[in-house]
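Hi,

Here is the structure I promised to pass on.

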Amino acid sequence: MLITLAVGIVAIAAVFALDEVIKSSTGEYKLLKQYQRNRLLVFMNQDSNNLTDEGYNLKQAQIAIGSGGLFGKGLFNGTQHSLGLLPEAPTDFIFCVLAEELGFFGVLALLALYVALILICFGIAYNASDLFGTVIVMSIVGMWLFQILENIGMDCGLMPITGIPLPFVSYGSSFMVVNFIMLGLIGSVWSHKATLRR
C-alpha cells in the first residue's frame with residue numbers, strides 16, 4: 001500500500017511538472033484541465049481557499065457535516081441543502097446531506113450498514129465454490145470500498161473532489177441499476193455454493 005501511495009504521489013507530481021513544461025511552450029495546459037488542477041490544488045492546500053473560489057464545494061460540505069451535530073437537524077431540515085448552498089447534493093455530496101440531517105449517529109448507522117454488507121460479502125467470497133466466484137465478489141467489494149472511501153473522504157476533505165457517488169445512496173438510476181447487478185452477481189456466487197452443498 002505504501003508503494004502504491006508513493007507511486008501515485010510521484011505520478012501526480014510528474015503530471016504537474018510535465019504540464020508546466022507543456023504550458024511554457026504552448027501557453028496552455030494539455031494533460032490536466034484547469035478545473036482538474038484546481039481540485040487537486042484545493043485538496044493539497046485547503047486553508048488557502050475561501051468561500052468564493054475553488055474551495056467553495058469543500059467548505060460548504062464541511063459546514064454541512066459540522067452543523068449536523070450528534071443527532072442532526074431532522075429529515076429535510078438541513079439548511080445547507082435546502083438553501084442551495086451545497087452543490088450537487090443528491091449525487092456527489094449526499095453524505096453531507098445525511099450528516100446534516102441525521103447527525104453523527106445517523107452517519108454511524110450508515111457506516112454500520114456498509115460494514116455489514118462488506119463483511120457478508122467477505123463471507124460469501126471465503127465460502128465460494130471456486131476461485132472465479134471469489135474473484136467476482138472481491139472485485140465488487142473492492143469497487144464498493146473505493147467508492148465509499150472516496151465519496152466520504154472527499155466530503156470530509158480527506159480526498160480530492162472527484163464526483164464519485166456513494167453506493168446505494170447517491171441519486172442516479174444507472175448507478176443504482178449497476179449496484180443491484182453487482183448484488184445479483186454476489187447472490188449468484190452464494191446461491192451456487194448453496195446448490196453444491198445440497
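First, a quick one to check by eye: is Cys 96 buried or exposed? Keep in mind that this is a predicted model. Cys 96 comes out as buried, because its relative accessibility is 0%. Cys 156, on the other hand, is partly exposed, at 31% relative accessible area.

For Cys 96, the closest cysteine sulfur belongs to Cys 156, but it sits 7.1 Å away, so a bond is ruled out when the cut-off is 2.5 Å. Looking from Cys 156, the closest cysteine sulfur is that of Cys 96.

Both cysteines also turn up where helix H5 (residues 94-126) meets H6. These two helices pack at about 165°, with axes 11 Å apart, so they run roughly antiparallel. Their crossing is left-handed. On the H5 side the contact includes Phe 95, Cys 96, Leu 111 and Tyr 114, and on the H6 side Trp 144, Leu 145, Asp 155 and Cys 156 are among the residues. By class, the H5 and H6 contact has 18 nonpolar residues, two polar and one charged.

H6 (residues 131-156) also packs against helix H3 (residues 56-67), at an angle of about 95° and with the axes 7 Å apart. That makes this pair roughly perpendicular. H3 brings Leu 58, Ala 61, Gln 62 and Ile 65 to the contact, while H6 brings Met 154, Asp 155 and Cys 156.

Cheers

Terms used
Residues numbered from 1 in each chain as written. Predicted model: local features only at pLDDT ≥ 70, side-chain atom pairs only at ≥ 80, totals over all residues. Heavy atoms only, no water. Axes fitted to C-alpha atoms, helices over the stretch in contact; angles between N-to-C directions. Helix = DSSP H or I, 4+ residues; strand = E, 2+ residues; numbered from the N terminus. Parallel < 35°, antiparallel > 145°, perpendicular 65-115°, else oblique. Contact = heavy atoms within 4.5 Å. Buried < 20%, exposed > 50% of the residue type's maximum accessible area, 1.4 Å probe, protein only. Left-handed = near helix turned anticlockwise from the far one by under 90°. Nonpolar A, V, L, I, M, F, W, Y, C, P; charged D, E, K, R; others polar.
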